[in-house]
Amino acid sequence: MAKAKLTSGGFLVALLLGVTGAISGHADDAKFSVLYSFEVADPSTGASQLGSQPDTRPVLGPNHSVYGMTYTGGMNGNGVIYRFDLQSGKYTVLHTFAALDANGANEDGANPGVALTRGPDDVFYGMASFGGAHGNGTTFKITAAGNFTVLHTFSALDSSLHNEDGANPLRTVVIGDDGNLYGTTRLGGLNTCGPKSTGCGVAWVMTRWGSFSVIHQFQATEGHAASLLQARDGYFYGCAVWPFAAAGSGVLYRMSPSGHHFEVLYRFTPVDVSGNNADGANCFEPLVEKWPGVFYGTLYAGGPNGNGTVFRYSLANPGVVETVHAFSATNAAGENLDGANPYARLTRSDDGDLYSTASYGGKYGNGVVYRIGRHGHFEVLHTFSATDPTTGSNTDGADPDYGVLLDEENDSLIGMADYGGLGSIAGAIGNGTLYRLKLEHQED
């Protein structure tokens with residue numbers, strides 16, 4: 001059940017890779033509500049006035065608002081940055097990414113992804129995977145009022161698809177303990193990964209005013225960089241993945257803020273011909289440090305059923321990854337009870353519960369919201385409904401790729417679904433929703 005996503009270069013087919021533990025679920029109609037349904041995009045250009053495909057995890061901002069981005073839509077089809085007022089229900093476009101020229105370049109970037117990061121003085125930081133002066137993406141900041149500034153434009157690639165500063169940033173900007181911004185790029189850099197000879201990507205640091213430097217060039221033995229977390233010991237922890245299964249299933253690593261110390265902590269085992277392994281494959285999103293030195297994360301694929309896992313890694317038990325939950329097998333229609341392919345990060349509550357989403361699976365194959373209690377009990381909180389096969393529409397959204405934020409003031413989760421919602425005959429994939437899920441606390 002692969003999904004297609006419109007990018008500046010055409011259609012990019014989303015990754016499709018398809019275990020055990022106690023599972024429970026319950027009716028949630030009264031607790032789930034759609035806050036906003038994103039507009040139908042033109043199927044050929046991706047354009048819509050207010051944005052489509054909200055392919056980023058929303059973040060809480062000032063005055064009871066959430067801020068987020070859409071991957072497509074806007075007048076130029078390259079996405080928007082938006083604000084949604086939780087009290088009034090007002091949706092406002094703060095920035096529309098500019099049109100691309102024939103070389104895929106523009107002033108500000110195109111197709112932003114994954115998340116905005118809220119910084120001091122209610123300034124938000126993010127990345128766009130494409131566009132910019134060389135078509136390889138940008139990093140930027142935007143104020144709560146919508147004042148937008150490009151901080152760094154990634155440089156041109158040479159004939160070998162290499163450069164110094166990386167290309168195509170996708171993940172999340174991290175604000176370090178020193179007040180600087182840290183992040184990674186998927187491609188570019190000086191080293192080569194994979195049979196297509198693409199760059200491995202870089203890790204970088206930048207001041208909040210745009211002074212940029214590379215702190216690590218990823219190597220072929222490490223894979224393509226994914227997201228970072230700065231842990232309580234001051235190190236950055238993260239994942240790197242390979243785009244081809246033959247190369248392996250990714251690594252966990254840690255890195256000092258200077259980049260001078262880089263250490264691979266764990267290598268995930270290759271998957272077999274059925275896409276299965278013992279420990280999971282392809283960790284994209286940031287880890288969460290549940291206790292000092294104890295990290296939890298998600299693996300999109302692999303595991304005993306090929307549908308991914310939630311895992312734990314402890315510095316006190318080096319070289320060992322423990323499976324907290326392995327997502328179950330799906331039928332021919334991509335359906336199961338607990339979801340599949342958990343692309344998203346985990347969100348930790350003060351009481352130790354973990355919340356997130358699985359992009360696919362569930363009763364209708366369109367994903368779930370789940371909770372893992374403090375003692376490991378797995379519970380499905382919401383199953384996304386079936387989509388119309390002609391229009392791609394449904395009532396609640398589909399493919400909730402990037403997890404949820406915890407709105408403690410309202411004791412609820414807020415998230416986005418990349419597809420579903422409003423549909424169109426030409427698109428047949430839907431255009432996404434912003435949703436809220438009220439929490440009920442139970443003893444684990």
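Tyr67 is buried in this predicted model, because its relative accessibility is 3%, where buried denotes under 20% relative accessible area, exposed over 50% and partly exposed the range in between (1.4 Å probe, protein chains only). Phe124, at 0% relative accessibility, also counts as buried. The rings of Tyr67 and Phe124 are stacked, since their centres lie 4.4 Å apart with planes at 25°; rings of Phe, Tyr and Trp (its six-membered ring) are paired if their centres lie within 6.5 Å, and planes under 30 degrees apart count as stacked, over 60 as edge-to-face and the rest as tilted. Because Tyr67 belongs to strand β8 (residues 65-69) and Phe124 to strand β15 (residues 123-130), the pair ties together parts that are 57 residues apart in sequence.

By the ring-pair rule, the count comes to 30 aromatic pairs. Tyr36 and Phe38 provide an edge-to-face example, because their ring centres are 5.0 Å apart and their planes stand at 85°. Both Tyr36 and Phe38 are buried. One aromatic cluster is formed by Tyr36, Phe38, Tyr82, Phe84 and Tyr91.

Charged side chains were also examined against aromatic rings. A charge is taken to sit over a ring if NZ of Lys or CZ of Arg is within 6 Å of the ring centre and within 35 degrees of the ring normal. Arg254 lies over the face of Tyr235, at 5.2 Å from the ring centre. The charged end of Lys290 is placed over the ring of Tyr296, 5.1 Å from its centre.

With regard to the chain as a whole, the secondary structure comprises 0 helices and 38 strands, where helices (H or I, at least four residues) and strands (E, at least two) are DSSP runs numbered from the N terminus. Along the principal axes, the C-alpha atoms fill a box of roughly 50 × 50 × 40 Å. Of the 444 residues, 60% are buried.

Backbone geometry was considered next. Most residues other than glycine have a negative phi. Asp399, although not a glycine, has a positive phi of about 60°. Asp399 is located in the loop between β35 (378-383) and β36 (404-407), and counts as buried because its relative accessibility is 0%. Asp411 likewise has a positive phi, near 50°. Asp411 is placed in the loop between β36 and β37 (412-417) and is partly exposed, with a relative accessible area of 32%.

Ser160 occupies the loop between β17 (148-153) and β18 (174-175). At 41% relative accessibility, Ser160 counts as partly exposed. The C-alpha atoms of Ser160 and Tyr235 are separated by 32 Å, the two residues being 75 apart along the chain.

Residues are numbered from 1 along each chain as its sequence is written, and side-chain values use heavy atoms, with hydrogens and water left out. As the model is predicted, local features need pLDDT of at least 70 and side-chain atom pairs count only at pLDDT 80 or more, whereas totals for chains, interfaces and linings use all residues.
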